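Here is a short report on a protein with its ligand. Please look through the sequence and the structure before reading on.

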Amino acid sequence: MKDLELLINILKQRGFVYQSQEIYGGLRGVYDWGHLGVIMKNKIKSFWLKDVVFKRENIFLIESSILGLKRTYEASGHLQYFNDPLVECKNCHQRFRADHLIKGDYGEVEFKEGKALCPICKGELTEERSFNLMFKTYIGPVEELASVAYLRPETAQGMFYNFKNILNSYRPKLPFGIAQIGKAFRNEITPKNFLFRIREFEQMELEFFVKPEEAEKWFNYWVEERYNWYLKLGFKKENLRKYIYPKEELAHYSAGTIDIEYNYPFGFKELEGIANRTDYDLKRHSEFSNEELKYFDEKNKEKIYPYVIEPSVGVERLMFAIFCEFYDEDEIEGEVRRVFRFPSFLAPIEVAVFPLLSNRKKLVEKAKEIYFELKNEGFIVFYDDSGSIGRRYRRQDEIGTPFCLTIDFQTLEDETITIRDRDTTKQERLKIPEIKDFLREKLNF
Ligand code: ATP
């Protein structure tokens with residue numbers, strides 16, 4: 001997918017994702033999700049939960065709060081380190097992330113006397129200053145220093161400050177993990193590239209605690225596991241690659257990070273990060289809270305700070321990659337067909353039901369009967385009787401519906417219907433009682 005504008009228009013038009021508060025001019029870097037988008041996000045999250053949490057032993061879920069104490073983010077290092085370098089154009093007052101500007105992310109950069117100029121108006125830029133990415137708020141009715149709180153910039157801290165609770169509740173043995181899906185907020189200087197860099201997003205994160213001497217082994221394990229997960233999702237190998245961070249690019253808590261990058265319309269960029277966060281977080285929270293967040297190793301009869309390996313991915317950044325990966329165009333009867341070739345288990349509408357003609361009572365009745373029966377079985381079904389069958393197929397192709405059922409005159413005679421496959425556009429006839437098993441098999445993951 002190279003035409004980002006076209007993609008954004010289709011996703012808006014068809015009810016996947018909207019710019020938030022557009023009627024007021026829009027809130028930059030914030031998006032709202034429509035019916036189809038919400039279904040897909042939930043399917044992605046289920047697929048992650050199944051693979052990362054439920055199929056394994058010793059991984060526990062948590063849902064921690066979005067509001068966080070100042071103390072928590074002093075301990076985590078976010079107040080001190082979670083900064084981006086900001087520059088502003090003295091002429092047009094546009095703001096940029098200095099590191100991204102130099103990389104050419106805002107267009108070609110010209111220099112004057114060794115200093116970069118504004119990529120928009122060639123004006124002079126201010127000196128770099130550090131800008132903290134956390135959203136600050138106040139708890140309670142009085143805006144005073146003592147009531148300062150922060151919206152979490154990652155879900156991870158909830159796993160660290162609940163470490164002792166998890167040990168007490170479930171008595172896990174190393175290695176074990178704490179996983180969370182939830183919102184995170186970052187006041188990005190320049191949100192851009194559609195869903196790629198936004199200010200409010202969801203993360204799917206795992207904190208996997210291990211013996212320090214095994215950290216390297218588990219780090220490599222999770223890089224492979226997570227890479228393979230994308231292949232299971234149906235991503236092409238050539239659109240994925242791994243990026244190993246050089247030392248100078250590592251975050252303040254990391255002893256090693258590898259990104260899984262996706263080939264977005266603007267090039268390969270981070271989709272998921274896997275980091276070896278060492279014992280940094282548990283030690284810091286122990287120090288700042290005076291609670292010893294250690295694990296008792298029964299074999300060696302000693303208390304240790306485990307190391308932690310963290311795979312972390314943003315749901316929206318992943319949704320964006322999925323939209324790019326599975327969008328396709330082909331030609332049918334001389335007309336361009338737009339189609340999302342989502343894997344069946346991710347498609348927001350699983351099956352569409354059409355009566356061949358909308359003005360034949362018997363066909364409509366039968367179609368409605370099948371529609372409600374499938375809905376009652378738990379399938380996500382769409383009913384459509386407007387326009388020609390060809391048009392109806394095209395509308396479903398454009399939202400990625402893998403199967404369309406058509407009820408025709410033969411159905412009324414022999415209880416068979418046609419089922420049309422989105423990818424091949426081929427139709428076959430099935431007996432009505434066989435449909436549920438057919439769909440279950442195809443939609444399973
Ligand atoms: P970047 O370098 O692109 O700003 P990051 O290295 O700061 O990302 P992490 O802190 O590792 O990102 O966050 C883990 C994951 O959360 C990322 O891999 C990404 O999928 C997602 N994520 C982070 N920031 C954003 C954002 N502003 N918008 C959407 N997703 C994000």
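## The model

This is a predicted model. Residue numbers start from 1 along each chain as its sequence is written.

## Around the ligand

The shell around the ligand has 15 residues. Those that come nearest are Glu-188, Arg-197, Ile-198, Glu-270 and Leu-271. By class, the shell holds 6 charged, 5 nonpolar and 4 polar residues.

Three strands each supply at least two shell residues: E13 (200–210), E16 (267–278) and E19 (307–314). Strand E16 has the largest share, with 4 residues.

## Polar contacts and burial

Look at Phe-196, Arg-197 and Ile-198. A polar backbone atom of Phe-196 is 3.2 Å from a nitrogen atom of the ligand. Arg-197 uses its side chain: an N or O atom there is 2.8 Å from an oxygen atom of the ligand. With Ile-198 the backbone is involved again, as one of its N or O atoms lies 2.8 Å from a ligand nitrogen.

How much of the ligand does the protein bury? Taken alone, the ligand exposes 590 Å², and the protein buries 84% of that.

## The largest pocket

The ligand takes up space in the largest pocket. About 1,500 Å³ of space lies in this pocket. Its lining counts 50 residues. Nearest the pocket centre are Arg-97, Arg-186, Tyr-245, Asp-259 and Glu-270. Glu-270 also belongs to the residues that come nearest to the ligand.

Which strand gives the most to the lining of the largest pocket? That is E16, with 7 residues. E16 also gives the largest share of the ligand shell.

Pro-175 sits in the loop between helix H7 (163–170) and strand E12 (176–185).

Asn-58 is in another stretch of chain, the loop between helix H2 (35–54) and strand E3 (59–61). Is its phi positive or negative? Phi of Asn-58 is near 65°, a positive value in a residue other than glycine.

Methods. This is a predicted model: local features need pLDDT of at least 70, side-chain atom pairs count only at pLDDT 80 or more; totals for chains, interfaces and linings use all residues. Side-chain values use heavy atoms; hydrogens and water are left out. A residue is near a molecule or strand if one of its heavy atoms lies within 4 Å of it. A polar contact is a pair of N or O atoms within 3.5 Å; within protein, one must be able to donate a hydrogen and the other to accept it, and residues adjacent in sequence count only if both atoms are side-chain atoms. Accessible areas come from the Shrake-Rupley method with a 1.4 Å probe; for residues, only the protein chains shown count as cover. On a 1 Å grid over the protein atoms alone, a cavity is a set of points where a 1.4 Å probe fits but cannot get out, and a pocket is an open set with protein on both sides within 12 Å along at least five of seven lines; lining residues have an atom within 4 Å of a point. A molecule sits in a cavity or pocket if more than half of its atoms lie within 2 Å of its grid points. Ala, Val, Leu, Ile, Met, Phe, Trp, Tyr, Cys and Pro count as nonpolar, Asp, Glu, Lys and Arg as charged, and the others, Gly among them, as polar. Grid points are joined across faces, edges and corners, and a volume is the space filled by probe spheres set on the points.
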